[in-house]
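Me: I'm new to this one and would like to go through it slowly. Could you take me through it once it's on the screen?

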Amino acid sequence: MEEELKCFQCKGELVKGYVFASHRVYWSESEKPAFMDERSAEILIKMSVFKMRKVPAYRCEVCQLVTFSYG
Ligand SMILES: [Zn+2]
């Protein structure tokens, strides 16, 4: 049985879904504009040429937070 996940902020119910992007999804610890930040930015989700990769995710609609695993 799948454990019900709760929002870490409001402890409310999370909605299961998928995150996808038509281009890559990046992560950076810098606030610098993206065009100045190419060296330290890490690609979390790579784009496939043939189909957009969907990544399982959990969303809290109250807090507008999305949690997903990029592994
Ligand atoms: Zn929440």
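Me: In what order do the elements of the protein chain run from the N terminus on?

Reply: Bearing in mind that this is a predicted model, the elements run β-β-β-β-β from the N terminus, and the protein chain has 5 strands and 0 helices.

Me: Which strands form an open sheet, and in what order?

Reply: The open sheet is formed by 3 strands in the order β1-β4-β5, with antiparallel pairing. Its edge strands are β1 and β5 (65-68), each of which pairs on one side only. On average, and with direction ignored, neighbouring strands of this sheet are turned by 40° against each other.

Me: Over how many bridges do β1 and β4 pair?

Reply: β1 and β4 pair over 5 bridges in the antiparallel sense. Among the facing residues, Y18 stands opposite P56 in β4, while V15 has R59 in β4 as its bridge partner.

Me: And how many bridges join β4 to β5?

Reply: There are 4 bridges between β4 and β5, which run antiparallel, and one of the residues involved is A57, whose bridge partner in β5 is F68. The hairpin of these two strands has 4 residues between them, and in this hairpin Q64 takes a positive phi near 55°.

Me: Switching topic, what coordinates the zinc ion?

Reply: The zinc ion is coordinated at 2.3 Å by the SG atoms of C7, C10, C60 and C63. In sequence, these donor residues follow the spacing C-x2-C-x49-C-x2-C.

Me: Why is the arrangement around the zinc ion tetrahedral?

Reply: It counts as tetrahedral because the 4 donor atoms subtend angles of 107 to 111° around the zinc ion, and the cut-off asks that all angles lie between 85 and 135 degrees.

Me: Is C7 buried or exposed, and what about C60?

Reply: Both C7 and C60 are buried. For the protein chain as a whole, 15% of the 71 residues count as buried.

Me: What radius of gyration does the protein chain have, next to a compact globule of 71 residues?

Reply: The protein chain has a radius of gyration of 15 Å, whereas a compact globule of 71 residues would have one near 11 Å. Along the principal axes, the C-alpha atoms fill a box of roughly 40 × 30 × 20 Å.

Terms used: Residues are numbered from 1 along each chain as its sequence is written. This is a predicted model: local features need pLDDT of at least 70, side-chain atom pairs count only at pLDDT 80 or more; totals for chains, interfaces and linings use all residues. Side-chain values use heavy atoms; hydrogens and water are left out. Donors are N, O and S atoms within 2.8 Å of the metal (3.2 Å for Na, K and Ca); water is not among the atoms, so sites may look incomplete. Four donors count as tetrahedral if all angles lie between 85 and 135 degrees; four count as square planar and six as octahedral if opposite donors are over 155 degrees apart and all others between 65 and 115; anything else is irregular. Buried means under 20% relative accessible area, exposed over 50%, partly exposed in between (1.4 Å probe, protein chains only). Two strands pair if DSSP finds at least two bridges between them. Axes are lines fitted to C-alpha atoms, for helices over the stretch in contact, and angles run from 0 to 180 degrees between N-to-C directions. The radius of gyration is taken over C-alpha atoms; the globule rule is 2.2 Å times the number of residues to the power 0.38.
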